[in-house]
Amino acid sequence: MSRIELILPKMGESVAEATITKWLKQVGDSVEADESVLEIATDKVDSEVPAPEAGIIREILFNEGDVVQVGEIIAVMTSDASEELGEKPEAPVQKQEPVVQEQAQPTISKAPVAASSNGVQERAAVQIAQGNGIARTGSTGRFYSPLVRNIASAEGIELAELEQIPGSGKNGRLTKKDILAYIPNRSAAPVVIEDKPELVQKPTETLSKPMAPKTSAPAVSVNGGDEIIEMDRMRKLIADHMVMSKQVSPHVTSYVEADVTNLVMWRNRVKKEFQEREGEKITFTPIFMEAVIRAIKDMPMINVSVDGHNIIKRKDINIGMATALPSGNLIVPVIKKADRFNLTGLAKEVNDLANRARNNNLKPEEIQGGTYTITNVGTFGNVMGTPIINQPQCAILALGAIRKKPAVIETEQGDFIGIRHMMFLSHAYDHRVIDGALGGSFVRKVADYLESFDPNREL
């Protein structure tokens, strides 16, 4: 008989915890190697956890709905089927520290706590557990997930206040539900910090410093006949992420109209050949993506993120493609190092990720690490849009519908009116680090590449 520990696996960059949504196996059940034991949900994607090897479930350490840290033991198995179910495991279950992961999001750990009573500004003794995405405060030893810290940062909740909010999670951990329930009541019932004079800010200093904006949703009345529909988990995550992005980044949008007649004619000419040769369709998306990649190489300061007062210039070009799901929600799979692919390779990657996204078969790492995002609002017949930046990126491009329009065509023999395929490109960018000259020039460069597409290009 040997003891087998089922551990919550590492699920990609910045993912530090997951919620157990459903146990597929129970105590006493036999499982095969790589057979799914439970379903989990993160703030990125839903997935399943397989058994590391064949055995029997002897102990389940967490219930459905519990939030578990990466690296924690969630169940104990044995490989000996003859062991009685009532017998205790050979050794007591030890909680493990979370697996090391790279911290990708800006965190509340960079914000100073209130000044001490002697007037000296102190920073919280926040220790990041070796990049695993969880902040541990030096004063209480309490853990905060990246999602909780992002919400706190967006709402201007400093560490001293955060530590006083009661948590309903395991061992008093603060969950997203706790902090969202606390925010609307902040002004009505401010937190009182007792027996911690070092964290109390002087009134005079409070008046001399700019206050963080406090936002709260207006009260909504419900009338007879109205239907109340609770958001599903993914829609709640999308809502939180969109609000956070607008609070973090001052958005500016530049628009360009592009004549894409050449690439439309080219695609119409080669799509049948491509289908027969590659066994799949070629859409406009990889063509647009190719132009974006070329423009990023020309203007690499578009491919950046912001960390406090530091600009992180990304080495890799990882293109996210916003994909609508059958449920009406949105997910953004990412093509890593997209500049490595030719047009055929991009087409295959786009088709594969889009199909698996719609069938809920994406891996957690396939929706992480994006550095620039493309969203195709033309799919829904829209001519342009004002997209919201996918944090922690600094820019996003919306592709409008391609429409036939009369346009002025300039030639050596003179100008004339002709029917052309035209579309709008809407480029939203973070005005903290991307000014209008760069943001506007970038979308113009993308349009230039699309307009100069070679209609005689070979596959």
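The axes of H7 and helix H9 (residues 436-451) come within 9 Å and cross at roughly 130°; axes are lines fitted to C-alpha atoms, for helices over the stretch in contact, and angles run from 0 to 180 degrees between N-to-C directions. This is a predicted model, in which local features need pLDDT of at least 70 and side-chain atom pairs count only at pLDDT 80 or more, while totals for chains, interfaces and linings use all residues. Residues are numbered from 1 along each chain as its sequence is written, and side-chain values use heavy atoms, with hydrogens and water left out. The protein chain has 9 helices and 22 strands; helices (H or I, at least four residues) and strands (E, at least two) are DSSP runs, numbered from the N terminus.

**Chain totals**

- Of the 459 residues in the protein chain, 43% are buried; buried means under 20% relative accessible area, exposed over 50%, and partly exposed in between (1.4 Å probe, protein chains only).
- Among contacts in the protein chain with a separation of 6 or more, 65% are between residues 24 or more positions apart; contact means heavy atoms within 4.5 Å.

**Packing around H7**

- H7 and H9 are oblique to each other; angles under 35 degrees count as roughly parallel, over 145 as roughly antiparallel, 65 to 115 as roughly perpendicular and the rest as oblique.
- The crossing of H7 and H9 is right-handed; a crossing is left-handed if the near helix is turned anticlockwise from the far one by less than a right angle, and right-handed if clockwise.
- On the H7 side, the residues that meet H9 are Ile 287, Phe 288, Ala 291, Val 292, Arg 294, Ala 295, Ile 296 and Asp 298.
- Their counterparts in H9 are Phe 442, Lys 445, Val 446, Tyr 449 and Leu 450.
- H7 also packs with helix H8 (residues 343-358), at an angle of about 120° and with the axes 9 Å apart.
- H7 and H8 are therefore oblique to each other, and their crossing is right-handed.
- Thr 285, Pro 286, Ile 287, Met 289, Glu 290 and Ile 293 of H7 meet Leu 343, Leu 346, Ala 347 and Val 350 of H8.

**Nonpolar cores**

- The largest nonpolar core has 55 residues; such a core is a set of buried Ala, Val, Leu, Ile, Met, Phe, Trp, Tyr and Cys residues joined through side-chain atoms within 4.5 Å.
- Helix H7 (residues 285-298) gives the most to this core, with 8 residues.
- The residues with the most contacts inside the largest core are Met 289, Val 292, Ile 319, Tyr 372, Leu 425, Phe 442 and Val 446.
- Another core, of 21 residues, lies apart from the largest one and includes Leu 8, Val 37, Ile 40 and Val 49.

- An open sheet of 4 strands runs in the order S1-S8-S6-S3, with antiparallel pairing; two strands pair if DSSP finds at least two bridges between them.
- Strands S1 (3-7) and S3 (30-31) are at the edges with a single partner strand each, so one side of each has no neighbour in the sheet.
- Strand S6 (residues 55-60) pairs with strand S8 (residues 73-78) in the antiparallel sense over 4 bridges, and Thr 78 in S8 is the bridge partner of Ile 56.
- Glu 32 lies in the loop between S3 and strand S4 (36-41) and is exposed, with a relative accessible area of 53%.
- The C-alpha atoms of Glu 32 and Ile 56 are separated by 8.8 Å, with the two residues 24 apart along the chain.
- Leaving aside neighbours within four places in sequence, Glu 32 is in contact with Ala 51, Glu 53 and Ala 54.

**Strand S19 and Thr 375**

- Thr 375 is in strand S19 (residues 372-376) and counts as buried at 14% relative accessibility.
- Beyond neighbours within four places in sequence, Thr 375 is in contact with Ala 322, Pro 387, Ile 396, Leu 397, Ala 398 and Leu 399.

**Backbone in the loops**

- Gln 391 and Pro 392 are joined by a cis peptide bond, with omega about 5°; Pro 392 lies in the loop between S19 and strand S20 (395-399).
- Lys 337, a residue other than glycine, has a positive phi near 50°.
- Lys 337 is in the loop between strand S18 (334-335) and H8 and counts as partly exposed at 37% relative accessibility.
- Asn 360 likewise has a positive phi, near 60°, and is found in the loop between H8 and S19.
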